[in-house]
Amino acid sequence: MSHSANEDEHYPDDPEKARHQPTYTKGTQSEPTGEPSLASMTQEPHREQPTADDDSVSSLGGDAHTPNVLDPDAPAVLTVENLRMYFPVKSSGVIRRRIGDVQAVDGVSFEVPQGGSLGLVGESGCGKSTTGRLITRLYDPTSGSIHFGDQDLATLSSREMKPLRREVQMIFQDPYSSLNPRHTVGKIVGTPLAVHKVVPKNKIIPRVQELLEVVGLNPEHYNRYPNEFSGGQRQRIGIARALALQPKVMVADEPVSALDVSIQAQVINLLQDIQREFDVAFLFIAHDLAVVRHFCPEVAVMYLGKIVEIGDRDSIYSGSRHPYTQALLSAVPDVKQATVGGRRERIRLEGDVPSPINPPSGCRFRTRCPIAQEICAKHEPPLLQIGKRHKVACHFPGRLGQHPTEPLTSRLLGVDDQGNPDPGGSPSAELNDKPGYDDTWFDLDSRTFGRA
Ligand SMILES: Nc1ncnc2c1ncn2[C@@H]1O[C@H](COP(=O)(O)OP(=O)(O)O)[C@@H](O)[C@H]1O
Ligand code: SF4
Ligand SMILES: [Mg+2]
């Protein structure tokens with residue numbers, strides 16, 4: 001980055017560290033606009049210098065910020081049911097025929113509670129970004145529904161979507177490519193305000209300045225260009241842009257993975273402040289479980305287009321029953337031994353994630369699963385509720401090292417333990433994967449449905 005001596009005053013070697021950090025007080029930054037004030041956040045200034053803890057992402061969200069807690073009574077602001085996105089694969093040549101599909105998202109259901117946050121975690125290529133882009137309708141889903149209030153976003157036309165775009169906003173992974181380098185910060189953050197006519201034209205600049213202050217940037221810098229900011233600051237600009245329309249839901253697609261580890265915690269803390277102050281719900285996408293641990297009281301783990309385990313923080317971090325989640329957890333440095341069944345060593349997953357054009361039959365994880373058996377290739381495991389707020393999709397759900405030797409799902413599926421048709425069996429009516437949780441669930445010990 002090249003900058004003048006004058007700019008050096010504001011941006012010495014590391015602009016992120018030198019950033020002016022105001023404390024916000026209600027209504028001091030701009031004239032009243034008639035709109036609710038964005039500068040109503042009263043918060044401690046964000047930490048400037050990384051602490052010793054910052055060299056580990058496992059400390060994200062630590063510091064003065066306590067972990068977000070689950071409100072079990074919060075209604076769902078967003079309900080996603082059986083969502084699918086198949087991208088067509090065409091043959092090469094003059095006549096391009098459809099020869100297959102990338103099954104990027106294949107039947108995903110979940111709820112995001114009002115003002116809460118759901119983490120969506122999985123390795124690269126498992127369909128996280130596609131899910132986020134479907135919710136914000138950057139893609140048109142192949143099938144499924146996305147309920148927001150009494151509207152199904154999945155079925156709305158672009159024109160019908162326009163007023164709802166205010167409500168569901170996205171923060172992108174890459175703060176370098178997601179901001180137009182030819183536009184000033186004022187234009188980047190102000191455009192949604194102008195398009196949606198949120199404030200009168202002459203109030204746009206004061207509102208942009210207010211937003212910049214909320215995200216911890218100097219409000220005087222609204223006429224600067226993205227390349228004059230550091231990565232962390234650019235992500236703050238992206239957050240200000242998403243916040244401009246005061247959405248009810250924000251989809252944050254790996255919002256810190258492109259940032260230096262020392263900056264990640266600051267940006268997470270900012271998102272946490274925003275969530276609490278503006279009561280905005282988050283779908284927080286990350287590729288590792290450490291990042292979402294503090295921010296998300298509920299986490300969904302995805303593998304190859306499907307949710308394989310979903311649950312509240314305890315169920316996932318201390319009570320996981322799925323071998324894939326357990327492998328991801330073993331890579332988190334500070335997860336207690338108990339989490340992965342008393343084993344300390346990292347579980348290395350062999351091979352790569354298979355292609356979503358031709359995913360493995362049955363359980364998609366079976367080609368890399370250390371405990372796969374015959375039934376795994378024949379039947380897809382149902383996403384079975386096994387606790388008050390815990391679902392798992394595995395024929396052999398159990399703690400690491402304590403997975404059952406017989407499948408727990410065969411009777412429910414009406415097959416024998418090898419997955420062959422059982423003449424006397426029939427699939428259980430209890431197996432339908434709806435978003436959210438039921439009052440009754442399958443108890444792994446007694447192997448029956450009931451209430452705790
Ligand atoms: N526009 C697209 N066209 C075709 N395939 C796509 C498109 N976007 C994503 N994919 C494929 O869908 C799968 C899921 O991608 P993505 O949602 O980006 O995963 P993640 O965010 O978890 O890394 C990948 O195999 C990716 O290559
Ligand atoms: S269903 Fe089978 S292959 Fe899939 S995770 Fe469970 S044990 Fe592994
Ligand atoms: Mg992605």
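Four strands form an open sheet in the order E2-E1-E4-E5, and their pairing is antiparallel. Strands here are DSSP runs of E with at least two residues, helices are runs of H or I with at least four, and both are numbered from the N terminus. Two strands pair if DSSP finds at least two bridges between them. The model is predicted: local features need pLDDT of at least 70, side-chain atom pairs count only at pLDDT 80 or more, and totals for chains, interfaces and linings use all residues. Residues are numbered from 1 along each chain as its sequence is written, while chains are lettered from A and ligands numbered from 1 in the order in which they are written.

- Strand E1 (residues 76-90) runs antiparallel to E2, and twelve bridges join the two.
- Lys90 faces Arg98 in E2, and Val89 stands opposite Gly100 in E2.
- E1 also pairs with E4, again in the antiparallel sense, over five bridges.
- Arg84 has Ser143 in E4 as its bridge partner.
- In a regular strand, side chains alternate between the two faces of the sheet.

**The eight-stranded sheet**

- Eight strands make an open sheet with mixed pairing, in the order E6-E7-E8-E3-E9-E10-E12-E11.
- Strand E6 (168-171) and strand E11 (384-387) are at the edges with a single partner strand each, so one side of each is left without a neighbour in the sheet.
- Neighbouring strands of this sheet are turned by 20° against each other on average, direction ignored. Axes are lines fitted to C-alpha atoms, for helices over the stretch in contact, and angles between N-to-C directions run from 0 to 180 degrees.
- E6 and strand E7 (residues 249-253) run parallel, joined by four bridges.
- Across that pairing, Gln169 stands opposite Met250 in E7.

**Helices on the sheets**

- Helix H3 (residues 128-135) lies across E1, E2 and strand E4 (143-148), at about 115° to E1.
- Two residues are in contact if their C-beta atoms, placed from the backbone, lie within 7 Å.
- H7 lies across E6 and E7, running at about 175° to E6.
- Helix H7 (residues 231-243) has 13 residues, which at 1.5 Å a residue should span 18 Å; its end C-alpha atoms are 18 Å apart, which agrees. The expected span is 1.5 Å times one less than the number of residues.
- Twelve of the 13 residues of H7 are buried, so the helix is largely enclosed by the rest of the structure. Among them are Gln233, Arg236 and Leu243. A residue is buried if 20 or more other C-beta atoms lie within 10 Å of its own, exposed if 12 or fewer, and partly exposed in between, with C-beta atoms placed from the backbone.

**The two ligands**

- The residues surrounding ligand 1 include Phe87, Val102, Gly127, Lys128, Ser129 and Pro356. A residue is near a molecule or strand if its C-beta atom, placed from the backbone, lies within 6 Å of it.
- H3 gives the largest share of this shell, three residues, and E2 and H3 each supply at least two.
- The shell around ligand 1 has five nonpolar residues, six polar and one charged. Ala, Val, Leu, Ile, Met, Phe, Trp, Tyr, Cys and Pro count as nonpolar; Asp, Glu, Lys and Arg as charged; the others, Gly among them, as polar.
- Around ligand 2 stand residues including Cys363, Cys369, Cys376, Cys394 and His395.
- That shell around ligand 2 divides into ten nonpolar residues, one polar and one charged.

**Two positive phi values**

- Most residues other than glycine have a negative phi.
- Lys197 has a positive phi, near 50°. Lys197 lies in the loop between helix H5 (185-195) and helix H6 (204-214). Lys197 counts as exposed because it has 8 C-beta neighbours inside 10 Å.
- Leu304 also has a positive phi, near 45°. Leu304 sits in the loop between E9 and strand E10 (306-312). Leu304 is buried, with 26 other C-beta atoms within 10 Å.

**The whole chain**

- The protein chain has 13 helices and 14 strands.
- Buried residues make up 45% of its 452 residues.
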